[in-house]
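Keep the sequence and the 3D view side by side as you read.

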Amino acid sequence: MTTLSFRPYQQACIDKAIHHARTSLAPAVIDAAPAAGKSYMIAGISDALTTMSGGKKVLNLAPSKELVMQNAEKMLLTGHPASIFSSSAGSKSTRHNIVFGTPLTVKNSISRFLSGYCAVNVDEAHGITPTIISIIDAMREANPNLRVFGWSGTPFRLGSGYIYRVDPDGRIMPEQQAKDPYFDKCLHRVSAYEMLEQEFI
């Protein structure tokens, strides 16, 4: 039973991610400004994806144990259980359908993630690393239909530009602004102005 109501802009992000999951296999990203509640949106899409897939698992990666635990905590607030797979957090469990983990711990036990997973969420996606890409590649080899979503408040990397190829308005980013971006499309952008308009900040 869900015990949390999402803010309108959070629900819009979740809805766009769900639509993308139904229509495309290309990795996509959500650009959500600080204080937008990315943890709650990750929880919402994780729950939706595991339901849509008939009970397959979703892996949520975050760069630190603090973010892993924060994201898992928000998942629990939606009324759904979650597992934590992070050595630094002191847990290596995949018991529940929704798993939150740190990249190195997951990579070191990648065989445990090659079966039964339908999607990967990458928090702080502007910091996507070769380790994260290798995890996704291995999981996608096991399941070619794996969906991949990134979540970031700053989807821009110094030196390479934007981490997506197509912006929310459908505009293809010039090569000088997005060099070899990992994500195909930015599905939605939540600005501080939008949150201000809706009286959330």
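The chain exposes about 9500 Å², and carbon and sulfur atoms supply 53% of that area. Accessible areas here come from the Shrake-Rupley method with a 1.4 Å probe, and for residues only the protein chains shown count as cover. Before going further, note that this is a predicted model, in which local features need pLDDT of at least 70 and side-chain atom pairs count only at pLDDT 80 or more, while totals for chains, interfaces and linings use all residues. Residues are numbered from 1 along each chain as its sequence is written, and side-chain values use heavy atoms, with hydrogens and water left out.

Now for the overall form. The C-alpha atoms fill a box of roughly 40 × 35 × 30 Å along the principal axes. The radius of gyration, taken over C-alpha atoms, is 16 Å. A compact globule of 201 residues would have a value near 17 Å, so the chain agrees with that expectation; the globule rule is 2.2 Å times the number of residues to the power 0.38. Buried residues make up 46% of the 201 residues, where buried means under 20% relative accessible area, exposed means over 50%, and partly exposed lies in between (1.4 Å probe, protein chains only).

The chain has six helices and 11 strands. These are DSSP runs numbered from the N terminus: helices are H or I with at least four residues, and strands are E with at least two.

Leaving aside residues up to four places away in sequence, V122 touches L61, I132, I136, F149, G150 and W151. The C-alpha atoms of V122 and F149 are separated by 6.2 Å, although these residues are 27 apart along the chain.

Next, look for the rings. Rings of Phe, Tyr and Trp (its six-membered ring) pair if their centres lie within 6.5 Å; planes under 30 degrees apart count as stacked, over 60 as edge-to-face and the rest as tilted. By this rule there are five aromatic pairs. One of them is the edge-to-face pair of F85 and F113, with 4.9 Å centre to centre and 90° between the planes. This pair links distant parts of the chain: F85 is in strand β3 (residues 83–86), and F113, 28 residues apart from it, is in the loop between α4 (103–108) and β6 (117–123). Both F85 and F113 are buried. Y162 and Y164 form a tilted pair, 5.4 Å centre to centre with 40° between the planes. Y162 is partly exposed at 27% relative accessible area, whereas Y164 is buried at 1%. Ring pairs also link F85, F113 and Y117 into a cluster.

Finally, turn to the backbone. Most residues other than glycine have a negative phi. A35 is not a glycine, yet has a positive phi of about 80°. A35 sits in the loop between β1 (28–32) and α2 (38–52) and is exposed, with a relative accessible area of 57%. E124 also has a positive phi, near 55°. Its place is in the loop between β6 and α5 (130–142), and E124 is partly exposed at 26% relative accessibility.

Notes: Contact = heavy atoms within 4.5 Å.
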